[in-house]
Amino acid sequence: MPVLRALSKVVKQTLLGSPGCSCQPLTVAVRNISFSPRQVTSDASFHSVSFSETDHPKVLITGGLGQLGVGLAKMLRKKFGKNNVILSDIRKPPSSVFHSGPFIYSDILDYKNLREIVVNNRITWLFHYSALLSAVGEANVALARSVNITGLHNILDIAAEHGLRLFVPSTIGAFGPTSPRNPTPDLCVQRPRTIYGVSKVHAELMGEYYHHRYGLDFRCLRYPGIISADSMPGGGTTDYAVQIFHDAIKSGKFECNLRPDTRLPMMYIDDCLRATLEVMEAPVDTLSMRTYNINAMSFTPEELAQELQKQMPELEVTYDVDHVRQAIADSWPMNFDDSNARKEWGWKHDYDLPELIQTMLNYLSSETRVARAN
Ligand SMILES: NC(=O)c1ccc[n+]([C@@H]2O[C@H](COP(=O)([O-])OP(=O)(O)OC[C@H]3O[C@@H](n4cnc5c(N)ncnc54)[C@H](O)[C@@H]3O)[C@@H](O)[C@H]2O)c1
Ligand SMILES: C[C@@H](O)[C@H](N)C(=O)O
């Protein structure tokens, strides 16, 4: 019975730990006891990957072809060098993305493939962006559960086993109707009513658990709805705040799928990506928590339309409410309290509503001019 004896030894070590250490070394990686391919060698340990702060990290971004990943890769490549940042997804990249730096196929549900990528490329930082967003998730709960929860488990195990610094974004959607909504603090009741929200609370808690239990360097920000000009949103509740700009420029008309008085926290993409890098670079002793709210502004569709109409008085906005999205929005924070992020690691947003509008209009109108000229 040598196998059983070995198993019982691993279980004992897992449960009891070593004296004088509050977190477990990664010799006790979670899947060990099932003899899965996740078994790590007995000499593996959390600190086995040496990454000096003066070196550039070797970065992997999962789900990188969505609204946020390409911008994140661009920013990180500027800072750490093109070849040190690998973008991955399960979709075929447009040629501009494919030629702008390393891209590989990676399905986060394929654990062995993920491990191969991390090992072969000596990855040290992982930004885990793959997810199904709120509205798409409600339309396909089984897939959302698999990608957002099973996929996250793969990522956590890989990150823990290979000593990675791991960033996982959470969201305003991690709160629900019983949370304080105006403002919503970092620590309060979290009872979301979407599979997206449930999976994000799960991610926050699992990441924090792995941090305390195994010493995983897990860092997480709860993003508001993100607004970007050069990438489209992937099926969320806050998508209207991007679409309005495109429709305004294209046709001068916009039909909004949320009620005019629906207040939600929002942020321009440059602020979001900068916050992500800043929290990843924050010295450990500045972080009293591992999950922080970040915020920039908060508005309703009516307020956004009115501000936009100051620049485009001819814009016509009508409303045709999507009841699934509206119910989700009505359960989310109206304002986000991000005072801990501001106090502890110096978070500060650059874009308020007027700057956001000007930046979006400048970008989209110059794109339209270029398209017309070609
Ligand atoms: N965009 C926002 O407003 C916002 C707000 C809060 C949090 N976030 C979070 O930020 C992250 C990135 O958001 P986004 O807007 O870019 O999302 P997105 O929906 O635009 O992109 C997600 C990407 O994940 C990929 N993906 C799906 N299944 C996969 C799988 N099995 N393996 C690998 N990749 C897979 C998709 O192909 C897609 O490119 C997500 O985790 C999201 O929850 C986004
Ligand atoms: C808020 C965020 O998580 C995403 N944009 C959604 O609406 O689902």
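This is a predicted model: local features need pLDDT of at least 70, side-chain atom pairs count only at pLDDT 80 or more; totals for chains, interfaces and linings use all residues.
**Strand pairing, helix packing and ligand surroundings**

Strand β10, spanning residues 264-268, pairs with β12 in the antiparallel sense, and 3 bridges connect the two. Helix α9, formed by residues 269-281, packs on the sheet and touches both β8 and β10. The direction of α9 makes about 80° with that of β10.

The sheet itself is open and has 3 strands, in the order β8-β10-β12, with mixed pairing. The edges are taken by β8 and by β12 (297-299); each has a single partner strand, so one side of each is left without a neighbour in the sheet. On average, and with direction ignored, neighbouring strands of this sheet are turned by 45° against each other.

Helix α9 also has a helical partner. Helix α2, residues 69-80, packs with α9 at an angle of about 55°, and their axes are 10 Å apart. This angle makes α2 oblique to α9. The crossing in which α2 passes α9 is right-handed. On the α2 side the meeting residues are Gly71, Leu72 and Met75, while α9 brings Ile269, Leu273, Thr276 and Leu277. By class, the residues of this contact between α2 and α9 comprise 5 nonpolar and 2 polar, with no charged residue.

Helix α8 (residues 240-251) and helix α13 (residues 353-373) pack at about 45°, with their axes 10 Å apart. With that angle, α8 is oblique to α13. Here, too, the crossing is right-handed as α8 passes α13. Phe245, His246 and Ile249 make the contact from α8, and Met360, Leu364, Ser365 and Thr368 make it from α13. Of the residues in the contact of α8 with α13, 4 are nonpolar, 3 are polar and none is charged.

Turning to the ligands, 28 residues surround ligand 1, and the closest of them are Gly63, Gly66, Ala131, Tyr223 and Gly234. Two elements give two or more residues each to this shell, namely α6 (141-161) and β8 (225-227). The shell around ligand 1 consists of 13 nonpolar, 12 polar and 3 charged residues.

Around ligand 2 lie Leu133, Ser134, Thr171, Ile172, Gly173, Tyr196, Gly225, Gly236, Thr237 and Thr238. This shell divides into 3 nonpolar and 7 polar residues, and no charged residue belongs to it. Charged residues are found, by contrast, in the shell around ligand 1, where there are 3.

A cis peptide bond joins Asn182 and Pro183, with omega at about 5°. Pro183 is placed in the loop that runs between β6 (170-171) and α7 (195-214). The other feature concerns Arg122, which has a positive phi of about 50° although it is not a glycine. Arg122 is likewise placed in a loop, here between α4 (111-120) and β4 (125-128).

How values were computed. Residues are numbered from 1 along each chain as its sequence is written. Chains are lettered from A and ligands numbered from 1 in the order in which they are written. A residue is near a molecule or strand if its C-beta atom, placed from the backbone, lies within 6 Å of it. Helices (H or I, at least four residues) and strands (E, at least two) are DSSP runs, numbered from the N terminus. Ala, Val, Leu, Ile, Met, Phe, Trp, Tyr, Cys and Pro count as nonpolar, Asp, Glu, Lys and Arg as charged, and the others, Gly among them, as polar. Two strands pair if DSSP finds at least two bridges between them. Axes are lines fitted to C-alpha atoms, for helices over the stretch in contact, and angles run from 0 to 180 degrees between N-to-C directions. Two residues are in contact if their C-beta atoms, placed from the backbone, lie within 7 Å. Angles under 35 degrees count as roughly parallel, over 145 as roughly antiparallel, 65 to 115 as roughly perpendicular and the rest as oblique. A crossing is left-handed if the near helix is turned anticlockwise from the far one by less than a right angle, and right-handed if clockwise.
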